[in-house]
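Hello,

Here is the structure for you to look at. My notes follow below it.

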Amino acid sequence: MIRQKNSWRDHIHLSSSLLTDCPPLGLETLKIDDFQLHASSMRHYGLGPHRGRLNIQGGLYEDDLYDGGWCAGRNDPLQWFEVDARRLMKFTGVVTQGRSSLWSSDWVSSYKVLLSNDSHSWVTLKNGSRDLIFSANREKEIPVLNLFPKPMVARYIRINPRSWYSSGSICMRVEIMGCPMPDPNNYYRRRNEVTTTDNLDFRHHSYKEMRQLMKVVNEMCPNITRIYNIGKSYNGQKLYAIEISDNPGEHELGEPEFRYTAGSHGNEVLGRELLLLLMQFMCQEYLSGNTRIRRLVDETRIHLLPSINPDGYEKASEAGSELSGWSLGRWSQDGLDIHHNFPDLNSVLWEAEAQKWVPRKFHNHHVPIPDWYRSTNATVAVETRALVSWMEKIPFVLGGNLQGGELVVTFPFDRTRSVTALREATPTADDHVFRWLAFSYASTHRLMTHASRRVCHTDDFAKEDGTINGASWHTAAGSMNDFSYLHTNCFELSMYVGCDKFPHETELPEEWENNRESLLVFMEQVHRGIKGVVRDVQGKGIANAIIAVDGINHDIRTASDGDYWRLLNPGEYRVTVRAEGFSVSSKVCAVGYDIGASSCDFVLGRSNLSRIREIMQKFNKQPISMRQRLRQRRLLDT
């Protein structure tokens, strides 16, 4: 029997070189279709061979359709799981996991491998004259790689379980490693091949390589880029961002601020690489005179933060793309989920609404952060604190955080109003705007809204146009999306950009093609709605003025120079502006269908109450009537 070590670190050296020699066939990424997967038997349809994909997740409620792996109908040594590569392959190894389940423990502890060119005659891998038996899993989640003594050429490959967990059943999730043999006549491969013409750096980047790449982009486009950091990770690694703008380093009056972030879960690596590709692409296209990119850069201040959790990324990348599993590196170094580590302002606002404090005693926007959250003893990641500071400092209008493991765009709210509900539609006051923003990304993605695409795990989001309200999917308090909406002016959404959280780098060109247009279209949505400047009669911008839209119970505020941006769908809106010390002003503002926010400026005069207060302050805060009485008394005394 071939013994194979079974901890995360045991596989590091194997993953770093051998896995890149021959990439995965694509069970996890869905490049291998369901009808290419076969098995000797299955317990029921939801545990059929089409579910035997590496890292596939079972649902919270296990059912007959979506369970977490392939499970044989019987527990005996005659069972097998088969993959038809549809062409000759040079097979080099197998990666296995047990069944994903909250309720049961099932995995295969050893297996044989058989190969065939016609699916009828099979050859078993040998160790000399004896059948080679590979040692597999010791628990259900950690992937285990077994490399073959030498590459084997065949079209079909079978895994034949020989032993399994004594208290469980034969259940597996699988990925096959292999290189395609030259075959120019293979029509199936040509038909399904996605290529890119963009000359970009398609590979995974370590922290040092990421920083170097950002520097190269900055040197190529020094007039439109600036590198800065928003803070440090738990391990002291700087959280680098790059700004792309025609005037980097400063906020320009009337120019909206946009952000993309990635890597809050360190093992969701695809988003990190997409942002590194995006900054390269925008620099190259700007230099080549691409009018669309030039307009976007000249009219928008864009911020890209590719790695929120570099500490987590290092853990995942050390194991490798196929061996990091579903969760290694997800959390910060101190064990926190950064994306859901923000203050829960939903409950604060909803309690104020229940007490009928809104809007007289409590605003429906810019909900303050509780004091306890800002204390040093609070369980808050340093990365989260850095993000909060960044979000408060810059007047972002629109943002997207790239995540992985699914193909869907989610929008607030992410937490259900009902404490007991695990999933329940919980819309914001801007639900129609959020739905449009989500659809703008999903509809331009190559796969998200494709009616015939296979589900990643358990949910068929294509039926919902590739979008979903976050709380309808699963409730989560303290999300970055909800915090951004309730504490700042920024509308934030989550883009789950691929079924595979950590795709092999050979998949990056195709993933870039899947997401490139979506990334650009979503950025352009920052110019949808109304914009303007709120000034006093002397022409000075008024900071912190409240912008209210009739019929939408969520206001925003002006930035320090008095400018504002309010995302709205096409239509006519009555907009009211209020600022302390100024009279209220209202007007109707129209939003068209074309990209380009409609201008809607306001000039506010000083309010009568404000003038009275100024006079009172001038005369030692005494009312005019009191001042007149004092004068009369003095006259009588004389």
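Asn544 sits in the loop between strand S19 (530–536) and strand S20 (546–549). Helices (H or I, at least four residues) and strands (E, at least two) are DSSP runs, numbered from the N terminus. Phi of Asn544 is near 65 degrees, a positive value in a residue other than glycine. Asn544 is partly exposed, at 46% relative accessible area. For that term the range lies between buried (under 20% relative accessible area) and exposed (over 50%), with a 1.4 Å probe and protein chains only.

Before you read on: this is a predicted model, in which local features need pLDDT of at least 70, side-chain atom pairs count only at pLDDT 80 or more, and totals for chains, interfaces and linings use all residues. Residues are numbered from 1 along each chain as its sequence is written, and side-chain values use heavy atoms, with hydrogens and water left out.

Ser119 also deserves a look. Its phi is positive, about 70 degrees, although Ser119 is not a glycine. Find it in the loop between strand S4 (108–116) and strand S5 (123–124). Ser119 is partly exposed, with a relative accessible area of 23%.

Next, the cis peptide bonds. One runs from Val358 to Pro359, with omega near 5 degrees. Pro359 lies in the loop between helix H7 (345–354) and helix H8 (371–374). Another joins Pro412 and Phe413, where omega is about 0 degrees. Phe413 belongs to the loop between strand S16 (406–411) and helix H10 (431–442).

Now helix H4, residues 269–287. How far apart are its end C-alpha atoms? They are 28 Å apart, which agrees with the 27 Å that its 19 residues should span at 1.5 Å a residue. The expected span is 1.5 Å times one less than the number of residues. H4 is mostly covered, with 17 of its 19 residues buried. Just after H4, Gly289 takes a positive phi of about 90 degrees.

Last, the surface. Leu60, Tyr61, Leu102, Trp103 and Leu422 form a nonpolar patch there, with about 620 Å² of accessible area together. Patches take residues with over 30% relative accessible area and no salt bridge; like charges are joined within 9 Å, nonpolar side chains (Val, Leu, Ile, Met, Phe, Trp, Tyr) within 5 Å. A salt bridge is a side-chain nitrogen of Lys or Arg within 4 Å of a carboxyl oxygen of Asp or Glu. Areas come from the Shrake-Rupley method with a 1.4 Å probe; for residues, only the protein chains shown count as cover. Trp103 is in the loop between strand S3 (81–97) and S4. Trp103 is exposed, at 61% relative accessible area.

Best wishes
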